[in-house]
Amino acid sequence: MKTLDELLQTGKKHMMNTYAQLPIVLTGGSGSRVQDSSGKTYLDFVAGIAVNALGYGNETLKTTLHAVIDSGLTHCSNLYWNEHAITAAALLAEISGLDRVFFCNSGAEANEAAMKLARKYGHRNKGKDAGKIISMKHSFHGRTYAAITATGQPKYHKGLSPLMPDIEFAEFNNTASVEALIDDRTCAVILEPVQGEGGIHPADPQFLKDVRRLCDTHNALLIFDEVQCGMGRCGKPFAYQVFGVTPDAVSLAKGLGAGIPIGALAATEKAASAFSPGDHASTFGGNLISAAAAVVMLSSLQDGTLPENAAKRGTQLTKGLTALQQEFPDLITDIRGLGLMQGIELSTEAAPIISLCLDKGLLLVAAGTHIIRFVPPLTVTETEVDEMLSILKSAITEHRR
Ligand SMILES: Cc1ncc(COP(=O)(O)O)c(C=O)c1O
């Protein structure tokens with residue numbers, strides 16, 4: 001077994017320099033906790049950044065994945081059908097109220113599929129010029145070219161020009177700003193019902209209703225990016241079900257495979273019909289392993305227990321964070337979010353407090369420079385939420401000494 005130093009040295013030498021990793025190597029997990037190579041355990045309020053929704057070592061997930069591996073067939077390409085993908089698509093359609101699903105491997109790919117579908121839809125229904133996509137300022141949609149272009153944060157665009165043409169930005173939660181941009185050339189509006197990487201900003205319900213109406217008026221698709229806020233995290237299977245506004249298409253990834261890579265675009269029949277055979281594809285999309293994991297995750301959403309826990313623990317978390325804010329009003333300037341996707345805005349940089357929490361055995365992640373976000377497994381317990389709040393309080397107290 002290599003030492004920690006040897007592992008870090010080799011990793012730094014041979015992996016591309018795209019991440020600012022913390023100096024720990026994770027080796028295992030159980031429930032809401034992960035373990036590093038030295039045997040130290042951490043309470044995990046990151047969950048692979050809103051991915052490991054079922055926590056670690058979930059028995060149903062383990063048994064299901066073992067069974068797929070034991071069958072000998074882990075992949076078969078989309079030249080053929082596989083039962084896991086069919087079941088996952090049917091479950092997704094049933095839970096979302098949408099009709100058809102395209103499987104891919106990540107959130108960025110799900111958004112690529114969404115934007116390609118939107119342009120196909122625009123060209124078919126409104127003419128060849130109808131390729132304009134409206135996105136939101138402070139949004140995040142992924143790192144591929146269309147997804148990064150649609151990301152409304154200039155810092156992610158540096159050094160990447162030329163970007164994709166015909167993607168414009170409106171102010172989030174500002175109906176007039178969308179109204180000013182939407183026209184006959186618009187094929188879609190894409191937005192996150194709760195902005196994640198942009199700093200945990202929930203949509204105003206009226207804004208979503210207004211954008212729904214504007215899209216209907218202009219025959220443009222309303223695409224919700226629920227890569228981070230979906231899959232039960234906000235207290236219902238989909239965040240849009242909390243807001244009561246249904247999109248024409250929703251992009252998903254992160255929690256969908258509960259730790260196994262899978263992305264998906266679900267859409268209404270009207271939107272999905274813009275794709276014909278050959279228009280879009282993904283070699284690994286709907287792969288047996290990832291689709292089987294999605295079936296486990298979607299089944300947990302369908303029976304209601306997971307979203308219900310997210311809602312209950314979310315209320316507890318807000319309450320605890322509010323108490324903390326009362327103790328440190330000059331440090332914690334805002335608390336935002338829904339269910340188990342929440343954040344606190346700080347008057348100082350988040351990194352030093354996150355680092356103190358790491359020392360104390362708690363994993364947290366920032367969303368921007370001044371926001372600490374809380375996106376634990378959706379199976380997190382009442383005791384664990386209290387434990388997190390107590391470690392955070394002790395880190396803040398130490399930070400202020
Ligand atoms: C809202 C949203 N969309 C898309 C993505 C990109 O997902 P992926 O990293 O799986 O490509 C992310 C990732 O953080 C996200 O938060």
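Me: At about what angle does helix α5 run to β12?

Reply: The model is a predicted one. In it, helix α5 spans residues 107-126 and lies across β4, β5, β7, β10, β11 and β12. Its direction relative to β12 is about 30°.

Me: Which strands stand at the edges of the open sheet, and why is one side of each left without a neighbour?

Reply: The sheet has seven strands with mixed pairing, in the order β4-β12-β11-β10-β7-β5-β6. Each edge strand has a single partner strand, so one of its sides has no neighbour in the sheet. Neighbouring strands are turned by 20° against each other on average, direction ignored. The strands at the edges are β4 (100-104) and β6 (167-170).

Me: What angle does the direction of helix α4 make with that of β4?

Reply: Helix α4, residues 83-96, packs on the sheet and touches β4, β11 (249-252) and β12 (263-267). Its direction and that of β4 make an angle of about 125°.

Me: Which element gives the largest share of the shell around the ligand?

Reply: Around the ligand there are 14 residues, of which Ser106, Gly107, Ala108, Gly142 and Val227 come nearest. By class, the shell has four nonpolar, seven polar and three charged residues. The largest share, three residues, comes from α5.

Definitions and conventions: Residues numbered from 1 in each chain as written. Predicted model: local features only at pLDDT ≥ 70, side-chain atom pairs only at ≥ 80, totals over all residues. Pairing = 2+ DSSP bridges. Helix = DSSP H or I, 4+ residues; strand = E, 2+ residues; numbered from the N terminus. Axes fitted to C-alpha atoms, helices over the stretch in contact; angles between N-to-C directions. Contact = placed C-beta atoms within 7 Å. Near = placed C-beta within 6 Å. Nonpolar A, V, L, I, M, F, W, Y, C, P; charged D, E, K, R; others polar.
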